[in-house]
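Reader: Could you take me through the salt bridges in this one? I'd like a close look at who pairs with whom and where the partners sit.

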Amino acid sequence: QVQLVETGGGLVQAGGSLRLSCTASGSIVVVNAMGWYRQAPGKGREERRDLVASIGSSGTTTYADSVKGRFTISRDNAKNTVYLQMNSLKPEDTAVYYCNLRALIPKSSWGQGTQVTVSS
């Protein structure tokens, strides 16, 4: 069984910063990528989570256009931990942020989610 534990969410004013962390543990074989998705208020289905950023095992990163230049994803492979540094936060960044792991085993696993609220 795989567990993803997310920390770092909270309430911040527009223009502020937050740093999310996610550590994966359990029976994991060959991690391919880790990433962050978010689900804005009112969206209730897993398939409506939007990619925020992802990082592959070689360090290749992908960002949603809406966060480029403001968010930075990084990863500690030895600790199976992924970070998301979020700067210049906007009210539209308000969402539940979910950590995702893709590996040989398991193919995909999700964290429980952490709330990020940006006040205007």
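Author: D65 is exposed, given its relative accessible area of 67%. In this predicted model, D65 pairs up with K68 in a salt bridge, and their closest N and O atoms are 3.1 Å apart. That's one of 3 salt bridges found in the whole structure.

Now to D93. Its salt bridge with R70 has the closest N and O atoms 2.8 Å apart. D93 sits in the loop between strand 8 and strand 9, while R70 is in the loop between strand 6 (61-63) and strand 7 (71-76), so this pair ties together parts that are 23 residues apart in sequence. Both D93 and R70 are buried. Salt bridges with shared partners link R38, R70 and D93 into one network.

R38 belongs to strand 4 and D93 to the loop between strand 8 (81-86) and strand 9, so the parts they tie together are 55 residues apart in sequence.

As for cover, D93 has a relative accessible area of 1%, so it counts as buried. R38 is buried too, at 13% relative accessibility; the cut-off for buried is under 20%. And the general idea behind all this pairing is simple: side chains of opposite charge can pair when their charged atoms come close.

Conventions. Residues are numbered from 1 along each chain as its sequence is written. This is a predicted model: local features need pLDDT of at least 70, side-chain atom pairs count only at pLDDT 80 or more; totals for chains, interfaces and linings use all residues. Side-chain values use heavy atoms; hydrogens and water are left out. A salt bridge is a side-chain nitrogen of Lys or Arg within 4 Å of a carboxyl oxygen of Asp or Glu. Helices (H or I, at least four residues) and strands (E, at least two) are DSSP runs, numbered from the N terminus. Buried means under 20% relative accessible area, exposed over 50%, partly exposed in between (1.4 Å probe, protein chains only).
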